[in-house]
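Here is a structure to look through together, one label at a time. Each question asks what stands behind a description.

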Amino acid sequence: MTNPALDRLPGSAFVRLRALLDPLAPAVENTLAMSIGEPQLPPPPWVAEIVAANAHLWNRYPPNDGTPELRAACAAWLTRRFGLPAGCVDPARHVLSAAGSREALFLFALAAVPQEKNGRRPAVLMPNPYYQVYRAAAEMSGAEPVLVPASKEGGFLPDYAALPEDVLERAALAIFCSPSNPEGAVADLDRLTGLVRLARRHDFVLACDECYSDLYFGEAPPSGLNAAHALDADGGEPFANVVVFHSLSKRSSAPGLRSGFVAGDARILRAFLKLRSYAAVAMPLPIQAASAALWGDDAHAAANRAHYARLVAAADRIFAGYPGYLRPQGGFFLWLDVGDGEAAAKRFWQEGGIRVVPGRYLTADDPRAPNGNAGHAFVRIALVHDEETVTRGLSTLRALLDGGPRR
Ligand SMILES: Cc1ncc(COP(=O)(O)O)c(C=O)c1O
């Protein structure tokens with residue numbers, strides 16, 4: 001009756017979290033959700049004005065690929081942000097708008113994964129832990145999801161080059177996230193260059209999820225587009241085999257706008273646009289107008305970045321000396337080793353009224369990992385509130401960990 005691939009997907013992390021915590025009553029009155037990665041800061045106030053000024057466009061079907069203004073703004077941002085040579089990102093060929101990066105990541109697998117690769121079932125490579133949509137995209141496209149450990153020893157990034165040749169030959173798509181959710185790990189240009197070489201050698205698509213790329217606390221993370229462009233490519237396509245996914249959800253604190261874009265290899269984007277013309281929900285024109293302005297506004301993004309840098313500095317202070325703390329390089333999550341993530345999440349909720357996500361819920365089981373799951377020891381803590389709230393929340397968690405017998 002229904003697609004059995006759906007049965008292979010684990011329940012959503014948030015459904016599992018509710019099942020874990022809802023039966024428990026917190027001992028405190030004030031509760032705090034540090035579970036959901038939803039920025040609580042506002043987007044720039046003028047977004048609402050642009051949407052209102054374009055209200056006469058609500059009766060128009062929007063273009064699937066994005067207005068020329070929006071695509072030009074995305075291309076200009078890519079060029080500025082990643083220091084790409086002027087003119088190398090062609091808005092008409094290298095950029096497609098998307099209603100947020102989630103839908104684009106999911107639908108993209110349907111466009112990129114063939115029914116067979118080298119006569120066998122294709123594989124989609126992804127990190128483990130992983131953003132839940134990657135797994136769904138792989139399963140629903142008929143591919144085998146290959147979850148590659150993003151271990152502490154490997155800098156919390158997956159090493160696709162170390163996979164057996166047999167798997168690489170079947171790889172149709174490799175999804176790579178930097179800065180990563182949940183660990184906040186950032187890939188340098190060398191690593192990205194190695195990935196692009198691997199993708200070209202084995203003829204798969206490298207899909208770089210870069211939706212946190214404007215939130216960083218050291219060097220600005222490079223893009224897969226930098227690596228693709230730096231290597232000589234066939235046929236004059238500067239971004240051969242590479243597509244990147246971007247979003248206004250984190251950069252501009254606008255997850256409710258549902259606005260993102262995909263950029264990269266023009267040949268792949270042409271196929272993706274064909275699929276999108278049947279299956280994607282195009283972004284309404286007033287939202288496209290506001291989005292174009294947001295991609296042009298680096299000042300708000302810089303203020304956002306400074307805000308998250310203050311939150312990470314607070315985490316540095318509060319978790320100083322705590323052995324399970326590792327400073328994230330980007331994004332807005334802490335990936336904290338607490339020994340047993342589920343037990344800690346229950347205690348944080350019951351005793352401190354704070355919700356966090358057990359790492360296990362974001363990680364596929366792996367018999368090679370301790371306790372059968374590499375996320376077992378961790379919790380993910382979202383730093384998305386104002387500084388005072390985050391400082392209070394983190395201080396409570398630290399006190400619980402220090403006083404807690406179950407570390
Ligand atoms: C790693 C990662 N990729 C993609 C997304 C999707 O974001 P959006 O659809 O809001 O652009 C998220 C959102 O949480 C994320 O964490």
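The model is predicted.

Q: Where is Asn371 placed, in terms of the strands around it?
A: Asn371 sits in the loop between strand S11 (357–358) and strand S12 (378–382).

Q: Why does Arg258 count as buried?
A: The cut-off for buried is 20 or more other C-beta atoms within 10 Å. Arg258 has 20 C-beta neighbours inside 10 Å, so Arg258 counts as buried. Its place is the loop between helix H11 (248–251) and strand S8 (260–264).

Q: Why does Thr389 count as partly exposed?
A: Thr389 has 16 C-beta neighbours inside 10 Å. Thr389 is part of helix H16 (residues 387–403), and its C-alpha atom is separated by 8.5 Å from that of Leu32, 357 residues apart along the chain.

Q: What is the phi of Arg258, and what is the phi of Asn371?
A: Phi is near 55° for Arg258 and near 60° for Asn371. Both values are positive, in residues other than glycine. Most residues other than glycine have a negative phi.

Q: What do the buried residues of H7 pack against?
A: They pack against helix H1 (4–7), H6, strand S3 (123–128), strand S4 (144–149) and strand S5 (171–177). The buried residues of helix H7 (residues 132–140) are Tyr134, Arg135, Ala136, Ala137, Ala138 and Glu139. After H7 comes Gly142, with a positive phi near 85°.

Q: Why are H6 and H12 called roughly perpendicular?
A: Helix H6 (residues 101–112) and helix H12 (residues 266–279) pack at about 115°, their axes 9 Å apart. The range for roughly perpendicular is 65 to 115 degrees, so the label applies to H6 and H12. Their contact involves Leu107, Phe108, Leu110, Ala111 and Ala112 of H6 with Ile268, Ala271, Phe272, Leu275, Arg276 and Ala279 of H12. By class, these residues are 10 nonpolar, no polar and 1 charged.

Q: What makes H3 oblique to H13?
A: The axes of helix H3 (residues 46–53) and helix H13 (residues 285–295) come within 8 Å and cross at roughly 140°. Roughly antiparallel needs an angle over 145 degrees and roughly perpendicular ends at 115, so H3 is oblique to H13. On the H3 side, Val47, Ile50 and Val51 meet Pro286, Ile287, Ala289, Ala290, Ala293 and Leu294 in H13. The contact divides into 9 nonpolar, no polar and no charged residues.

Q: Which residues come nearest to the ligand?
A: Gly100, Ser101, Arg102, Ser247 and Ser249 come nearest, of the 13 residues around the ligand. The shell has 4 nonpolar, 7 polar and 2 charged residues.

Conventions
Residues numbered from 1 in each chain as written. Predicted model: local features only at pLDDT ≥ 70, side-chain atom pairs only at ≥ 80, totals over all residues. Near = placed C-beta within 6 Å. Nonpolar A, V, L, I, M, F, W, Y, C, P; charged D, E, K, R; others polar. Axes fitted to C-alpha atoms, helices over the stretch in contact; angles between N-to-C directions. Helix = DSSP H or I, 4+ residues; strand = E, 2+ residues; numbered from the N terminus. Parallel < 35°, antiparallel > 145°, perpendicular 65-115°, else oblique. Contact = placed C-beta atoms within 7 Å. Buried ≥ 20, exposed ≤ 12 C-beta atoms within 10 Å, placed from the backbone.
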